[in-house]
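Biologist: I have the model open beside the sequence, could you walk me through it?
Modeller: Gladly, ask away.
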Amino acid sequence: MNRRQVLQGGASALAVVGASGLLSKLGLAAEALPEGAIAVQALEALPDKVPLIRKTIRPPNFETPINYFNEAFTPNNAFFVRYHLSDIPEMDAASWKLAVGGPAVERQVQFTLDDLKGSFERVEIAAVCQCSGNRRGFSEPHVPGVEWGSGAMGNARWAGVRLKDVLDKAGLAEGAIEIAFNGADGPVHDKTPDFLKSLPVWKATEENTLIAYEMNGEALPHWNGFPARLVVPGWTGTYWVKHLTEIQALTEPLKSFWMNPAYRIPRSLFPVVERFTSQEQPNSANTPITEMVVNSMITNLEEGAEVKAGQPVDLKGIAWDGGYGIVDVAISIDGGKSWTPTQLGQDLGRFSWRQWSHQLGPQQPGMVSVMVRARNRMGQTQVDSLLFNGAGYHNNVVQALGLKVV
Ligand SMILES: Nc1nc2c(c(=O)[nH]1)N[C@H]1C(S)=C(S)[C@@H](COP(=O)(O)O)O[C@H]1N2
Ligand SMILES: [Mo]
């Protein structure tokens with residue numbers, strides 16, 4: 001049987017396809033990896049973490065092995081770790097202070113961890129934290145940066161206080177346009193700029209934007225921002241500043257390497273609704289990365305996994321987006337010609353990922369390619385081929401997982 005016949009075969013039985021052409025065209029199969037990209041994988045445990053996939057040591061960048069994504073919430077000790085700077089101090093909860101000030105506040109204020117826990121309403125929200133460069137390692141052509149596979153993300157229940165409530169204590173003055181954030185980590189070399197990020201005031205004061213001191217019911221792990229971090233549901237991880245120590249309300253756009261030129265996307269390449277316009281330059285073709293794009297993946301089977309002909313195969317996975325909510329996840333076994341809806345799991349909130357499951361019944365031995373594609377409430381879906389950009393951001397190419405039916 002040739003591939004053409006297979007693609008015409010319909011959805012009732014699993015299509016059998018050659019492992020080469022179709023898979024590599026879809027961009028996520030193992031053989032589509034650029035030379036030397038993420039082929040070398042080493043598992044290594046940071047203190048208080050299970051072994052994670054080591055990308056770099058200084059600064060520490062470690063991704064989560066996919067099997068942990070079978071759980072609704074990613075365990076704290078398996079949550080990915082991403083840093084830009086290598087000087088990461090041990091934080092002391094008792095002496096930690098959060099300073100709130102800047103040119104656009106009415107008064108400077110300062111809070112201890114006990115203040116945060118005692119003087120504000122506690123809010124909890126389930127949300128995906130995903131690095132902008134998740135799946136960068138699959139970019140073709142190859143792009144520079146940490147060569148992430150699919151594990152630079154996680155889903156957790158974050159608890160803390162609303163950033164808006166904290167800003168209210170300082171009082172935002174007329175003319176505040178951005179809120180800037182600094183964490184306790186710093187560069188080792190003077191030439192590396194400090195990790196300073198900002199949010200537009202409207203995003204900073206949304207009720208879902210938090211200063212979190214808890215993750216899945218426990219204190220934040222050191223590597224994920226102890227004792228407090230920003231949680232910006234729907235937006236990529238770059239805004240989720242860890243070891244938060246300083247907040248400044250600004251009347252001018254923040255000038256920081258990590259706002260510009262870093263973390264930029266071409267202005268109209270992606271279907272982004274929430275734009276950060278105060279950081280756009282009039283004649284520039286780029287804009288800050290903001291909300292995540294619709295995405296999905298299979299979590300319980302790996303590329304090349306063996307399954308038995310004539311026996312049901314349980315597929316399991318996740319789907320997520322920038323907070324509009326996943327409404328549909330579908331599977332194709334005929335190269336994307338026809339799609340079958342999967343069963344969606346419990347809705348854990350619009351910023352959480354959504355679990356899904358589906359049962360396949362492969363009949364004949366051979367290779368089979370399973371594609372998965374999610375759609376959100378806005379009607380946004382995933383792309384068939386990579387929307388290439390130089391930083392490798394927002395990779396939401398439809399995943400095609402090759403299974404070996406024996
Ligand atoms: N202080 C500080 N916060 C930071 C960063 C950093 O380098 N320093 N990296 C950001 C980026 S790019 C991402 S993707 C997330 C990753 O969060 P995690 O390490 O808890 O997984 O943290 C963000 N917050
Ligand atoms: Mo990131």
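Biologist: Let's start with Phe257: buried or exposed, or partly exposed?
Modeller: Phe257 is partly exposed, since its relative accessible area is 37%; buried means under 20% relative accessible area, exposed over 50%, and partly exposed in between, with a 1.4 Å probe and protein chains only. Trp258, in contrast, counts as buried at 9% relative accessibility.

Biologist: Before we go on, what conventions apply here?
Modeller: This is a predicted model, in which local features need pLDDT of at least 70, side-chain atom pairs count only at pLDDT 80 or more, and totals for chains, interfaces and linings use all residues. Residues are numbered from 1 along each chain as its sequence is written, chains are lettered from A and ligands numbered from 1 in the order in which they are written, and side-chain values use heavy atoms, leaving out hydrogens and water.

Biologist: And how many aromatic pairs are there?
Modeller: The structure holds 14 aromatic pairs, where rings of Phe, Tyr and Trp (its six-membered ring) pair if their centres lie within 6.5 Å, with planes under 30 degrees apart counted as stacked, over 60 as edge-to-face and the rest as tilted. One of them, Phe79 with Trp158, is edge-to-face, at 5.7 Å centre to centre and 85° between the planes. Phe79 lies in the loop between β3 (61-63) and β4 (81-82) and Trp158 in strand β8 (residues 153-162), so the pair ties together parts that are 79 residues apart in sequence; strands are DSSP runs of E with at least two residues, numbered from the N terminus.

Biologist: Which residues have the most contacts inside the largest nonpolar core?
Modeller: They are Val100, Leu116, Trp158, Phe181, Ile211, Leu230 and Ile247, in a core of 68 residues; a nonpolar core is a set of buried Ala, Val, Leu, Ile, Met, Phe, Trp, Tyr and Cys residues joined through side-chain atoms within 4.5 Å. Strand β11 (residues 210-215) gives the most to this core, with 5 residues.

Biologist: Switching topic, where does Gln382 lie?
Modeller: Gln382 lies in the loop between β24 (366-376) and β25 (399-405), and it is buried, with a relative accessible area of 5%. Its side chain makes a polar contact of 2.6 Å with the side chain of Ser296, and also reaches the backbone nitrogen of Ala374 at 2.8 Å. A polar contact is a pair of N or O atoms within 3.5 Å; within protein, one must be able to donate a hydrogen and the other to accept it, and residues adjacent in sequence count only if both atoms are side-chain atoms.

How values were computed:
Helix = DSSP H or I, 4+ residues; strand = E, 2+ residues; numbered from the N terminus.
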